[in-house]
Amino acid sequence: MVTTDVAVKFTLNGIPMERDVPPNWTLLRFLRDGLGFTGTKCGCEIGECGACTVIFNGEAVNACLVLAPQIDGASIWTIEGVASSGRKLHPIQQAFVECDAVHCGFCSPGMVMSTVALLLHNRIPSNAVLKESLAGNLCRCTGYLQIIEAVRKAAESMDDMHLEKFRR
Amino acid sequence: MISVLEYLRPEKLDDALHIMGGGEHTPAAGGTDLVLQLRDGRPRKILDLERLGLDFIRNAGDIIEIGSLVTHAAIASNPLIAKSLPVLSRASSLVGSLQIRNRGTVGGNIVNASPCADTVPALLLYDAELVLKSSGGTRTVPLSQFVLGPYRTSLGPGEILHSIICRKAEVSTGWSYIKLGRRQAVNISRMTLATSIFMNGDGKIGSVRISAGSVFPTPSRIPRIERMLVGRTPSQELYRQAANIAADMMIKESGHRWSTPYKKPVLINLLTRALTEAQSKLIAGMVS
């Protein structure tokens with residue numbers, strides 16, 4: 001089977017990149033196997049679990065359902081880009097830690113990315129909107145209450161400037 | 001393992017139609033169904049429709065034209081659609097999860113032709129017509145004639161779905177949209193019902209529209225019941241009577257299946273509820 005790689009230009013976590021990607025790769029595979037960004041988790045690979053949630057042009061999407069060539073021209077944020085420096089957590093991540101919203105941790109990157117996308121669009125989400133925004137992210141450690149508490153805490157305590165970079 | 005031999009993303013509609021005319025390419029929209037089909041499927045050449053400017057929502061008098069590449073999220077958040085096509089607005093807001101709605105498109109939902117496609121029963125209420133384009137020209141086909149069976153459509157070789165034309169709901173129309181499933185999010189519908197109802201000044205039903213997904217072999221309106229209800233005084237008994245007829249029609253058209261003992265009473269109850277809900281919206285003045 002002969003396939004031709006596709007040249008793509010995109011921005012990952014604020015850094016402009018140019019790569020050739022195989023047309024039969026998903027964005028998820030490209031992030032993990034092509035770039036070594038393994039923070040984005042591979043769960044169900046059918047768009048049901050949300051473990052691979054990334055921000056794609058300002059919106060939460062399942063990286064397992066995006067073909068790698070489709071990222072041309074896009075701005076993508078993954079969990080690796082959430083904290084501003086290597087050592088200090090982003091306020092959303094800090095809220096997850098403080099609320100014990102992390103159990104096994106497998107869903108956490110996706111949960112955090114869905115939270116970023118939610119707060120980008122809605123700084124003071126109602127409980128209904130909050131739950132709907134996380135409905136595409138499964139947690140099998142039954143930590144939903146703590147996760148919702150963490151999102152609420154982040155929404156209330158965080159300064160707007162912590163969301164600015166994700167808009168680019 | 002995904003099998004994609006080639007990926008093209010033309011920027012001009014004419015170029016896309018020319019490539020489609022070669023008969024080798026599968027058109028791609030949001031990919032939320034297609035990427036699943038590419039896994040372990042036969043190798044395909046992909047033509048991405050994303051850059052063809054098909055993500056428009058156009059307001060034109062009595063109709064709204066929706067480009068096939070408009071996402072469910074964009075439809076669900078559009079104020080014009082909320083006002084003039086409220087059942088579509090609701091249906092789109094219930095598709096999958098936010099992540100799916102941000103990628104999945106209304107055109108993809110139609111062309112994939114799943115019997116449980118969430119937006120199709122809603123679009124049928126608004127007499128949706130599909131604008132299909134190929135290098136040979138343009139044709140328009142009613143949505144009700146487009147879906148031929150589960151995952152089968154009358155999309156011709158080299159054709160793409162360009163846009164969907166919907167007739168706006170009459171002012172002061174009550175409506176309902178019920179999606180039945182095992183859970184609320186990321187939910188494959190077990191049954192969907194969409195209704196709209198308009199009452200005459202004398203308190204009788206002036207017009208009513210009913211469509212159903214996962215009831216008949218394809219999502220469809222139920223004109224026999226619509227005709228039966230017009231001119232009648234609404235009541236629970238009337239709605240239940242209509243729903244019973246719908247259940248008999250389901251068994252006649254879809255056959256006695258393993259799910260029939262479940263689906264028959266569920267259809268009767270849900271359709272009664274759907275009509276009651278549409279009517280109560282009207283009475284409560286919750287219509288635009």
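Chain A has six helices and five strands in its secondary structure, where helices (H or I, at least four residues) and strands (E, at least two) are DSSP runs numbered from the N terminus. Following the sequence, the order of these elements is β-β-α-β-β-β-α-α-α-α-α.

Before going further, here is how to read the names and values. This is a predicted model, in which local features need pLDDT of at least 70, side-chain atom pairs count only at pLDDT 80 or more, and totals for chains, interfaces and linings use all residues. Residues are numbered from 1 along each chain as its sequence is written, chains are lettered from A and ligands numbered from 1 in the order in which they are written, and side-chain values use heavy atoms, with hydrogens and water left out.

Chain B comes to 12 helices and 14 strands. Its radius of gyration is 19 Å, close to the 19 Å from the globule rule for 288 residues, so chain B is as compact as a globular protein of that length. The radius is taken over C-alpha atoms, and the globule rule is 2.2 Å times the number of residues to the power 0.38. For chain A, with 168 residues, a compact globule would have a radius of gyration near 15 Å, and the 16 Å of chain A agrees with that.

The table puts some overall values of each chain in one place.

What kind of atoms supply the exposed area?

Contacts, meaning heavy atoms within 4.5 Å, tell you how the sequence folds back on itself. In chain A, 59% of the contacts with a separation of 6 or more involve residues 24 or more positions apart. In chain B, among contacts between residues at least 6 apart in sequence, 63% join residues at least 24 apart.

Now for the charges. Lys and Arg count as positive and Asp and Glu as negative, while His and the chain ends are not counted; each charge is placed at NZ of Lys, CZ of Arg, CG of Asp or CD of Glu. Chain A carries 15 positive and 17 negative side chains, with the centres of the two sets 4 Å apart. Chain B has 34 positive and 23 negative charges, and their mean positions are 7 Å apart.

## A closer look at chain A

Helix H1 (residues 27-34) of chain A has Leu27(A), Leu28(A), Phe30(A) and Leu31(A) as its buried residues. Among the elements covering them are strand E1 (6-12), strand E2 (15-21), strand E3 (53-56) and strand E5 (75-77) of chain A. After H1(A) comes Gly36(A), with a positive phi near 75°.

Where does Asp100(A) sit? Its place is the loop between helix H2 (91-98) and helix H3 (108-121) of chain A. Asp100(A) counts as exposed, at 54% relative accessibility. Glu149(A), found in helix H5 (residues 144-157) of chain A, is partly exposed with a relative accessible area of 47%.

## A closer look at chain B

Helix H5 (residues 86-93) of chain B is largely enclosed by the rest of the structure, because six of its eight residues are buried. Those buried residues are Pro86(B), Val87(B), Leu88(B), Ser89(B), Ala91(B) and Ser92(B).

Helix H11 (residues 236-254) of chain B has 19 residues and reaches 26 Å from its first C-alpha to its last, close to the expected 27 Å. That expected span is 1.5 Å times one less than the number of residues. The buried residues in H11(B) include Leu238(B), Tyr239(B), Met249(B) and Ile251(B). Gly255(B) follows H11(B), and its phi is positive, near 85°.

Finally, Phe198(B) lies in strand E12 (residues 191-199) of chain B. Is Phe198(B) buried or partly exposed? At 25% relative accessibility, Phe198(B) is partly exposed. Not counting residues up to four places away in sequence, Phe198(B) touches several residues, including Glu170(B), Ile205(B) and Leu282(B). Phe198(B) and Leu282(B) are 84 residues apart along the chain, with their C-alpha atoms separated by 7.9 Å.

Note on methods. Buried means under 20% relative accessible area, exposed over 50%, partly exposed in between (1.4 Å probe, protein chains only).
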